[in-house]
Amino acid sequence: MKTQLPVSALNLAPIRQGQTQSDAIEALVDLAQAVEEMGYIRYWIAEHHNSPSLVSSATAILIKHTLEHTEKIRVGSGGIMLPNHAPLVVAEQFGTMATIYPGRVDLGLGRAPGTDMRTASALRRNKSDSLYTFPEDVQSLLDYFGPEQKQGHVKAYPGVGTNVPIYILGSSTDSAYLAAKLGLPYAFASHFAPQQMEMAMMIYREKFQPSEYLSEPYMMVCLNVIAAETDEEARRELTTMQQFFLNVVRGSSSPLQPPVDSMDNIWMPHEKEAAQSMSRLTFLGSKETVRDQYKRFQEAYNVDEIMVVSYIFDPDKQKRSYQIFKDIVDE
């Protein structure tokens with residue numbers, strides 16, 4: 001099992017009940033500053049559109065805003081949903097940020113739209129299915145960030161020579177093949193789609209081809225962590241996350257809800273099953289309990305980095321959860 005495991009954080013930038021959009025953006029920066037102080041190495045911000053309960057639509061702007069208000073933590077996208085964007089524009093945006101904040105910008109790339117298909121259609125000027133050009137678009141970005149002499153007529157300024165690190169994101173096995181073929185780091189979305197994690201890991205590690213970017217596989221896993229002083233307290237805080245995933249199951253858009261004593265009167269049995277299936281990979285409990293879960297996970301999978309997302313209503317308890325997990329890993 002690896003020692004000194006790097007840990008990082010993901011934020012979907014949810015709006016809590018009673019908050020404004022501005023409050024949610026302030027909370028996003030506040031959490032970034034907190035995990036930076038704790039020693040987290042990177043902080044990624046998601047991309048979602050047409051979702052009134054999240055403020056993570058203009059991901060690059062939020063990344064820039066977070067970089068402005070932090071000092072050393074790497075800030076990036078978890079991820080930029082590439083079918084929604086022209087690679088050249090992405091390269092110019094991230095190349096500009098890397099020029100202002102050298103050595104602090106990450107670019108995680110996904111192939112999903114981050115929204116429903118009608119909204120995805122509204123986002124795209126090209127109505128052809130850009131999902132199928134994902135491998136070519138990733139290669140374009142690698143070229144845009146590389147040395148000028150290897151590029152064609154169209155270049156990203158700023159962007160050329162910035163070598164912004166690219167990460168392939170995935171929630172199924174498809175992107176594992178691409179990450180392995182290109183020799184890029186791979187981040188699996190076990191925080192909402194754990195079903196194919198083991199298979200994706202195996203494919204990525206077995207098919208990995210060394211590249212100028214990586215000499216060996218670099219496997220990241222994003223998962224949910226709800227850590228508290230006691231198991232009982234953690235189980236109660238968990239109900240905020242359960243309501244979050246119930247939102248997803250129902251296709252509703254309620255803001256992040258405070259914890260409740262019981263979910264029994266809130267969800268139907270089939271909704272419970274669906275929500276729990278999505279959030280199955282969750283470290284939950286006191287420090288001792290989460291430590292055992294973390295050890296078992298690493299003994300089984302030996303990943304190179306864990307990215308944490310914690311849907312906890314109280315910001316102080318959310319920060320405490322991140323601190324508990326960091327303390328466990330540092331042990």
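Select strands S1 and S2 to begin: the two pair in the parallel sense over 4 bridges, where pairing requires that DSSP find at least two bridges between two strands. Strands (E, at least two residues) and helices (H or I, at least four) are DSSP runs, numbered from the N terminus. The model is a predicted one, in which local features need pLDDT of at least 70 and side-chain atom pairs count only at pLDDT 80 or more, while totals for chains, interfaces and linings use all residues. Residues are numbered from 1 along each chain as its sequence is written, and side-chain values use heavy atoms, with hydrogens and water left out.

**The strands around S2**

Show the side chains of S2 (residues 42–45). Arg42 and Trp44 point one way, Tyr43 and Ile45 point the other way, and all are buried. Buried means under 20% relative accessible area, exposed means over 50%, and partly exposed lies in between (1.4 Å probe, protein chains only).

**Asp106**

Move to Asp106 in strand S4 (residues 105–110). Asp106 is buried, with a relative accessible area of 0%. Leaving aside residues up to four places away in sequence, Asp106 touches Arg42 and Trp44, together with Arg74, Val75, Gly76, Ser77, Phe94, Val164, Pro165 and Tyr167; contact means heavy atoms within 4.5 Å.

**The cavities**

A search of the whole structure finds 2 cavities of 30 Å³ or more. A cavity is a set of points, on a 1 Å grid over the protein atoms alone, where a 1.4 Å probe fits but cannot get out, and its lining residues have an atom within 4 Å of a point. Grid points are joined across faces, edges and corners, and a volume is the space filled by probe spheres set on the points.

For the largest cavity, select Asn11, Ala13, Pro14, Arg16, Ala24, Ala27, Leu28, Leu31 and Gln318. About 80 Å³ of space lies inside this cavity. Helix H1 (residues 21–38) gives the most to the lining, with 4 residues. The lining divides into 6 nonpolar, 2 polar and 1 charged, where Ala, Val, Leu, Ile, Met, Phe, Trp, Tyr, Cys and Pro count as nonpolar, Asp, Glu, Lys and Arg as charged, and the others, Gly among them, as polar.

For the second largest cavity, with a volume of about 50 Å³, select Leu10, Asn11, Leu12, Pro14, Val309, Ser310, Tyr311, Gln318 and Tyr322. Strand S1 (7–11) and helix H11 (315–330) each supply at least two residues of this lining, which divides into 6 nonpolar, 3 polar and no charged.

**Two helix residues**

Select Met202 in helix H7 (residues 197–207). Met202 is partly exposed, with a relative accessible area of 38%. Its C-alpha atom is separated by 8.8 Å from that of Ala176, 26 residues apart along the chain.

Finish at Asn247 in helix H8 (residues 231–250). Asn247 is buried, with a relative accessible area of 10%. Apart from residues up to four places away in sequence, Asn247 touches Ser252, Ser253 and Ser254.

Technical notes: 1 Å grid on protein atoms, 1.4 Å probe; cavity = no way out; pocket = protein on both sides within 12 Å on 5 of 7 lines; lining within 4 Å.
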